[in-house]
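Please read the following note alongside the sequence and the model. It takes up a pair of helices and then a sheet.

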Amino acid sequence: MTNKFKDKKVAVLGIGAEGLSSARFLKEKGAQVTVLDQKKEDEIDKDTRKILRENDIEILGGKEYLKNLLKYDLVVRSPGVKLELLEKYVLRDKITSQIKLFFDLCPCPIIGVTGTKGKGTTSSLVYEMLRKQAFDVYLGGNIGKPPLDFLDKLNAQSVVVLELSSFQLLDLNKSPHVAVMLMTTSEHLDYHKDLEEYVDAKRNILKFQTKKDFAILNRDYIASNESDIHTNAKVFYVSTERNGYEGCSIKDNEVFLKLNGKEDKIIDASEILLPGKHNLENVSAAVLAATLSGVSKENIVLVLKTFKGLEHRLELVATINGVKYYDDSFSTTPETAMAAIEAFKEPEILILGGSSKNSDFTELGKVISLHKNIKAIIGIGLEWTKIKSKIKNQKSKIKIIEGCKNMREIVQKAVLISEPGDVALLSPACASFDMFKNYKDRGNQFKEEVKKLTDMV
């Protein structure tokens with residue numbers, strides 16, 4: 001591995017977490033590394049500059065950062081850097097990425113997970129199930145650590161779980177041993193030139209598999225269901241709507257696994273801690289991937305009964321006086337808010353609104369209008385008026401609260417109108433920048449205010 005990069009002139013494009021990881025890794029392997037970024041050096045944060053200086057890594061920044069790419073032996077792009085942009089400056093065979101390097105160098109099986117929604121939750125579930133089985137397992141990619149950070153810890157008995165975005169998959173030329181393709185609809189069309197390119201990028205997770213590999217496809221969405229022709233692996237399906245095929249499905253509110261013609265009930269859906277129908281899709285994929293990787297039914301069930309979910313994604317914060325408080329601040333689109341609303345049958349107190357992403361709230365308005373268990377909405381931020389205008393039938397039956405200036409006021413209002421058995425749900429359907437630094441800050445403030453309630457009980 002050392003000889004592969006020693007004395008090579010390498011350009012690392014982008015100085016986010018993955019770019020910094022790639023630069024440090026390649027420097028340790030003896031390469032002459034330069035980090036190129038649109039930001040000028042004095043615009044890059046001090047801690048990052050310090051790390052680069054300590055590792056003797058040069059920084060070249062500014063608008064013309066791509067103009068001298070021809071002088072490098074290897075160009076490592078970060079996920080947000082478009083291939084078509086780089087190809088104006090350098091031959092494609094010189095362009096790589098951290099994920100491509102990792103696939104080339106990894107000594108153990110990889111479980112890869114992609115999809116438009118749910119890939120973080122599914123990857124984390126698979127990781128926890130393998131960990132429960134006492135595998136030497138690592139989580140990385142779009143979640144967890146950049147995988148080059150733990151490459152030197154791996155051996156042939158290890159297992160790696162990677163969450164893979166379309167940006168990371170775009171030029172991948174190897175596929176994981178177990179490839180999971182969840183629901184795939186349209187997204188990131190500001191980055192991809194069209195829907196076809198986006199779906200094709202996702203399908204790279206399958207395209208280079210062999211007959212010894214496994215592919216897990218969500219049968220309920222056209223793009224993923226029709227991806228079976230793009231792999232040579234043995235194909236399994238997951239579905240919340242259909243069953244009878246090899247894979248994992250939901251039947252009569254129970255999770256069933258069918259392998260080699262034998263069907264086995266795994267768990268009743270009511271016993272799964274993660275709420276929502278959309279999470280049953282993620283659970284089904286995780287159950288199947290974990291089983292194919294050697295995890296026992298007992299350990300799978302233990303994880304499903306205790307896994308709370310990812311931070312800020314339908315995360316159960318606390319139950320106080322019989323009221324469950326959920327942080328879904330990661331919900332910055334109407335679609336994610338609709339999934340959160342439909343996850344519960346209990347009376348709901350919704351916290352909706354924020355700054356604009358130019359979203360269309362028509363369907364969200366319909367869901368709220370038809371969802372009879374919504375008892376109140378705390379409307380916040382610049383977009384609340386727009387959301388409110390789309391709520392029709394139910395408006396007179398729903399208590400509307402407006403005018404909260406901060407998260408303390410928002411949570412206090414939720415407390416005042418809540419009763420035992422209610423769900424208080426922060427799922428804003430919008431960006432956060434009018435009232436908060438970002439979605440994490442919004443979610444953290446919500447959790448802090450809820451925690452203050454627990455201290456008072």
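1. Pro334, Ala337, Met338 and Ile341 in helix H12 meet Glu363, Leu364, Val367 and Ile368 in helix H13, where contact means heavy atoms within 4.5 Å. By class, this contact of H12 with H13 holds seven nonpolar, no polar and one charged residues. Ala, Val, Leu, Ile, Met, Phe, Trp, Tyr, Cys and Pro count as nonpolar, Asp, Glu, Lys and Arg as charged, and the others, Gly among them, as polar.

2. The model is predicted: local features need pLDDT of at least 70 and side-chain atom pairs pLDDT 80 or more, whereas totals for chains, interfaces and linings use all residues. Residues are numbered from 1 along each chain as its sequence is written, and side-chain values use heavy atoms, leaving out hydrogens and water.

3. H12 covers residues 334-341 and H13 residues 362-370; they pack at an angle of about 15 degrees, with their axes 9 Å apart. H12 is therefore roughly parallel to H13 (angles under 35 degrees count as such). Axes are lines fitted to C-alpha atoms, for helices over the stretch in contact, and angles run from 0 to 180 degrees between N-to-C directions. Helices (H or I, at least four residues) and strands (E, at least two) are DSSP runs, numbered from the N terminus.

4. An open sheet of six strands has the order E15-E16-E20-E17-E18-E19, with mixed pairing; two strands pair if DSSP finds at least two bridges between them. Its edge strands are E15 (315-320) and E19 (399-401), each pairing on one side only.

5. E15 and E16 (residues 323-327) run antiparallel and are joined by five bridges. Within this pair, Glu315 stands opposite Asp327 of E16.

Methods: Parallel < 35°, antiparallel > 145°, perpendicular 65-115°, else oblique.
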